[in-house]
2 protein chains.
Amino acid sequence: MDAKTTPPRRIGILGGMGPAAAIDLQAKVLAATPATTDREHLPVVVWNVPQVPDRVAAVLGRGPSPVPEMLAGARALEAAGCEAFAVACNTAHHWADELAAGVGIPLLHIADAAVAALARLPIRPMRVGLLATRGTLASGFFAERLARQGFEWLVPTEEEQDRFVAEAIARVKAGDAAGARAPFEAAARALAARGAEAILLGCTELPIAAEGARLPVPVLDASRALAEALVDFSLRR
Amino acid sequence: MDAKTTPPRRIGILGGMGPAAAIDLQAKVLAATPATTDREHLPVVVWNVPQVPDRVAAVLGRGPSPVPEMLAGARALEAAGCEAFAVACNTAHHWADELAAGVGIPLLHIADAAVAALARLPIRPMRVGLLATRGTLASGFFAERLARQGFEWLVPTEEEQDRFVAEAIARVKAGDAAGARAPFEAAARALAARGAEAILLGCTELPIAAEGARLPVPVLDASRALAEALVDFSLRR
C-alpha cells in the first residue's frame, strides 16, 4: 500500500492526566508530521477529561484505581473511529495492559516508543538515566523495556528524587518553567556523573524543565518519541 | 445549583481547520480555567480531523462545502457526551446555523463570545476594526453581531487585506510569527487611523502575529473570548 495514496489513519489521545500533557502531545504530533497543508495533518481525536483519580497515589497503593475512567475514555476514542490510541501520561502506563485489554484498538505504548528512539540515537548509549515520577519508577515499565532491549539503566537516589526530580515537576506544574531548570539539571547531572550516557525524560513535565538546560549527554523526551510513533502509525510508515 | 458542588459540563471542540487552531483553543481554555489541580480543569473532547474542504474557497463559492465533514465531527462530539461545542475556526462559522441544526447540543458561537467580550471592555469602543480572512468578512457573521450590539465597525481596504492581513496570516501558517508582526501592525494601524477604537482579531492566526505588536488601541482575540465562553458554560457561571 502506498502511503501517498491511502488516507492517514485516525488516532486517539487519551489525556486529562493532566490536561496540559495532552495538549503538549498534540503539539508534538503536529510538529512531527511532514505536512505543508492542513489536510496533510493527522486526523486526531482527543479525550481530555481530567476527572481521573491520581495516578501516582494509585500506583503506590494510596488511592483508588484510575482504570474505570481511563477505560471510558479509551472506549470513546474507539467509538469515534480511532484505529489506535496513546496515553498522554507516563505514570498511567502502569495500567497499559488492562487498558489495552478493554478496547479493540492497539495502545501505542510510550515506553516502547521511547526505547525504540533510544536505540536509534546516532551513538547508541550503553547506560540510560531515567527521570520520572516516583509512580512511574515504582511501576517499572520503562526499566523492563530498557533491559529487554539491552540497555543498562539507572535512576536518581531517594534524595535526588525528592530534592530535584519532584521539585522540577512541581515547579513546571506551578507554571514556573524557569525555576524548574536548576533542579532538573542537578538530577540529570547526577545521573551523568554516575555513568548515564543519555537521559530519558519519562514524565510529561520534564521536557519543559529541560528547555535551555546545559547537559553533557543527550536527552530524549518520551513524549516526542510517542508523537513520532503516532505519526508513523497514522501514515503507515 | 451551586457551581462548587456540581461537576463541570463536558465540552467539545470541533477542530481540524486547521489543526493548530484547535490546539491553541485548548491552551486558551486551560489558561482561562480557575484551577489549581488537574481535576478542576474542564472535561474536553476534541475532534481534530483536518480532512475538511477549504473553508475560504467554499464561502467564496470556489469549492465544495465542508458541512458534511463538520457535521460528522459535531455528531461525534455529541456522541462522546459533550453538552455543548465550539468550532476552532472563524471562517467555518459561516455554516454555524446548518451545523447547530444537525446536532442536539448547542454551538457556542465565536462571534457571540467576541462581541460580548467587546461590550465588557473597560472603555466600550464605539467603532471596532475587524481583521479576518476574506471568507469570514464575506460571510458577515461578525458584522451582523457587531451591528446588533450597537457597534460601528470597519474592515481593511482591498489592498490592505491582500498586502497586510493575508500576508500576516500566511506568515503565521508558514511558522514565521516574527515576520507576521509588521504586516499585522500595518493592518491594525490603518484601521485605528480611520477611527477604530478597538481591533477584533477574527482569525485564529492573527493573535500569534499580534504578539509583541505596539498599537494605539486595545486588541481583542475572538479565540480567547470563545475559550472564556466555554469555561463559563462548563462551570455554569
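I counted polar contacts between chain A and chain B first: 12 residue pairs, both residues at pLDDT 80 or more. A polar contact here is a pair of N or O atoms within 3.5 Å; within protein, one must be able to donate a hydrogen and the other to accept it, and residues adjacent in sequence count only if both atoms are side-chain atoms.

The model is predicted, so local features need pLDDT of at least 70 and side-chain atom pairs pLDDT 80 or more, while totals for chains, interfaces and linings use all residues. Residues are numbered from 1 along each chain as its sequence is written, chains are lettered from A in the order written, and side-chain values use heavy atoms, without hydrogens and water.

I then looked for salt bridges (a side-chain nitrogen of Lys or Arg within 4 Å of a carboxyl oxygen of Asp or Glu). The rule finds 2 across the interface; one of them links A:Asp38 to B:Arg55, with the closest N and O atoms 3.5 Å apart.

For contacts (heavy atoms within 4.5 Å), I noted 29 residues of chain A against 29 of chain B. The buried area is the accessible area (1.4 Å probe) that two parts lose on being put together, summed over both. I have about 2200 Å² for this pair, 58% of it on carbon and sulfur atoms.

Next I checked the strands, taken as DSSP E runs of at least two residues, numbered from the N terminus; two strands pair if DSSP finds at least two bridges between them. Strand 2 of chain A runs antiparallel to strand 2 (residues 44-48) of chain B, joined by 5 bridges. A:Asn48 has B:Val44 as its bridge partner.

How values were computed:
Helices (H or I, at least four residues) and strands (E, at least two) are DSSP runs, numbered from the N terminus.
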